[in-house]
Amino acid sequence: MKGLGKLEYYLMVLILITLLNTFLGENFQSTAIVSVLVAITVMCKGIVVIDHFMELKGAHRYLRLMMKTYFVIFPSLIMLTIFY
Amino acid sequence: MMSTKQTYVPLGIFFASWSEKKAGRVPGNIPIWVGILSELTEFGIFFSAYFIAKFYYPAVFSLGPQSLHTTIGVLNTIVLLSSSYFMAKAMANIRMNNLVKCERFLWLALLCGCSYLCLKTWEFHWNDLQGYSTSTNEFFTVYYYMTFNHFLHVGWAACAILWVIFRLRKGAYSATNHSGLEALAVYWHMIDLMWILIFPLLYVLR
C-alpha cells in the first residue's frame, strides 16, 4: 500500500480542523478565544486550499495575493465580532 | 490565402508586471478568473451583509446556529473538502496523461457535489419541518440568502464537471493541453473556499 501523499495529508488536516471548529462551537459559548481560534483555523484552511488544492503556490503571484487577502479580511472580521 | 493559425496578441491594457512572464502562470484561463473575481465580490457582499446584520441583531445571530442541523453542516464541509481533493487528484493525473484515473477522480468529485446537493436539500426540508423559513428572523434571511446561492453555484459547477468528463472522453484534454479542465478545477476550489467561510459563520459562531 502506498503511503499518504501530500494531498491526503492536507485533506486529513482540513477535516480535523473542521471537526475541531465544530467541537469548539458546540461546547463553548461564544467567547473571544473561540472566535479567535475559529478565525485563525478558517484562515489556515483557506490558505491550504489556495496553495495546495487550487495550486496557486508558484502560480501567478497577484492571483494568489488576491485569494489570500480574501482569506485574511473575512476571518479578521470574525475577530472583530468579539467587540459586538 | 489566410492562415488559420491563431497567435496570441496581448491586449496591452494591464501593467507589464501582471504578465504571466513576470508574475507567474495563470491557472486555467483569464476568463475563468474574471468569473472567480465576480463570484468573490458577490460572496463578499453576502459576508459583509452577515457581519452588518450580526452587529444590529447579536441576540438573533447568537441563537441562530443552535437552530440549524450542525451534523449536516459538518458532513457538507467534509464532502466539499473531499471533492476539492478529488479535483486536485484529477489535475495531477491529467498532467501525467493518465486519462482513465483523471476521469475516475472527476466522477468522484461529481459524486461529492451531488451528495452536497442532496444533503443541502434535506437540510432545507428539515428546516421547513422545524418551521424555519426566510422570514423567521434576520439570521435565517442571511442563512437562506447565503446557502441557497452557494447551492446554485455547486449545482452549475457539478454540471460543468459532467461537461468536462464528456470532453475528456472525446480526447479534448491531454498532459500538454488541459486549460479547460484546469479552469473548472480552480472554479470548483473557489466554491469550496466559499463554503469554508460560510460554515463557521452560520453553524459554529454563536
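User: Where is Asn97(B) found?
Analyst: In this predicted model, Asn97(B) sits in the loop of chain B that runs between α4 and α5, the latter covering residues 99-130.

User: Is Asn97(B) buried, partly exposed or exposed?
Analyst: Asn97(B) counts as partly exposed, because its relative accessibility is 43%, and that class lies between the limits of 20% and 50%.

User: What about Glu55(A), where is that one found?
Analyst: Glu55(A) belongs to chain A, in the loop between α2 and α3 (61-80). Its phi is near 60 degrees, which is a positive value in a residue other than glycine. Glu55(A) is partly exposed, with a relative accessibility of 24%.

User: Let us turn to chain B as a whole. How many helices and strands are there?
Analyst: Chain B has seven helices and zero strands. Its pattern along the sequence is therefore written α-α-α-α-α-α-α.

User: What does the C-alpha trace span?
Analyst: Along its principal axes, the C-alpha trace of chain B spans about 70 × 40 × 30 Å. The accessible surface of this chain is about 10,100 Å², and carbon and sulfur atoms account for 66% of that surface.

User: And what percentage of its residues are buried?
Analyst: Of the 206 residues in chain B, 50% are buried. As for contacts in chain B with a separation of 6 or more, 82% are between residues 24 or more positions apart.

User: Could you show me one buried residue? Where is Ser83(B) placed?
Analyst: Ser83(B) is placed in helix α4 of chain B. Ser83(B) has a relative accessible area of 0% and is therefore buried.

User: Which residues is it in contact with, leaving aside its neighbours in sequence?
Analyst: Beyond the neighbours within four places in sequence, Ser83(B) is in contact with Ala109(B), Cys112(B) and Trp188(B). With Trp188(B) there is a polar contact between the two side chains, at 2.8 Å.

User: Now the two chains together. How many residues are in contact?
Analyst: On chain B, 47 residues are in contact with 39 residues of chain A. The size of an interface is often given as the accessible area lost when the parts come together. Here the buried area is about 3,900 Å², with 75% of it from carbon and sulfur atoms.

User: How many salt bridges are there between the chains?
Analyst: The count between chain B and chain A is three. One of these joins Glu26(A) to Arg206(B), whose closest N and O atoms are 3.2 Å apart. There are also ten residue pairs in polar contact across the interface.

User: Which helices of chain B supply residues to that side?
Analyst: Helices α1 (20-23), α2 (30-56), α4 (70-95) and α7 (179-204) of chain B each supply at least two residues of the side that touches chain A. The residues on that side of chain B are 29 nonpolar, eleven polar and seven charged.

User: Finally, which residues does Gly46(A) contact, leaving aside its neighbours in sequence?
Analyst: Apart from neighbours within four places in sequence, Gly46(A) is in contact with Phe71(A), Leu193(B) and Ile196(B). Gly46(A) lies in helix α2 of chain A, residues 32-53, and is buried, with a relative accessible area of 0%.

User: How many residues apart in sequence are Gly46(A) and Phe71(A)?
Analyst: They are 25 residues apart in sequence, while their C-alpha atoms are 6.1 Å apart in space.

Terms used:
Residues numbered from 1 in each chain as written. Chains lettered and ligands numbered in written order. Predicted model: local features only at pLDDT ≥ 70, side-chain atom pairs only at ≥ 80, totals over all residues. Heavy atoms only, no water. Contact = heavy atoms within 4.5 Å. Buried area = accessible area lost by both parts, 1.4 Å probe. Salt bridge = Lys/Arg side-chain N within 4 Å of Asp/Glu carboxyl O. Polar contact = N/O pair within 3.5 Å; in protein donor to acceptor, adjacent residues only side chain to side chain. Helix = DSSP H or I, 4+ residues; strand = E, 2+ residues; numbered from the N terminus. Nonpolar A, V, L, I, M, F, W, Y, C, P; charged D, E, K, R; others polar. Buried < 20%, exposed > 50% of the residue type's maximum accessible area, 1.4 Å probe, protein only. Areas by Shrake-Rupley, 256 points an atom, 1.4 Å probe, with all protein chains shown as cover.
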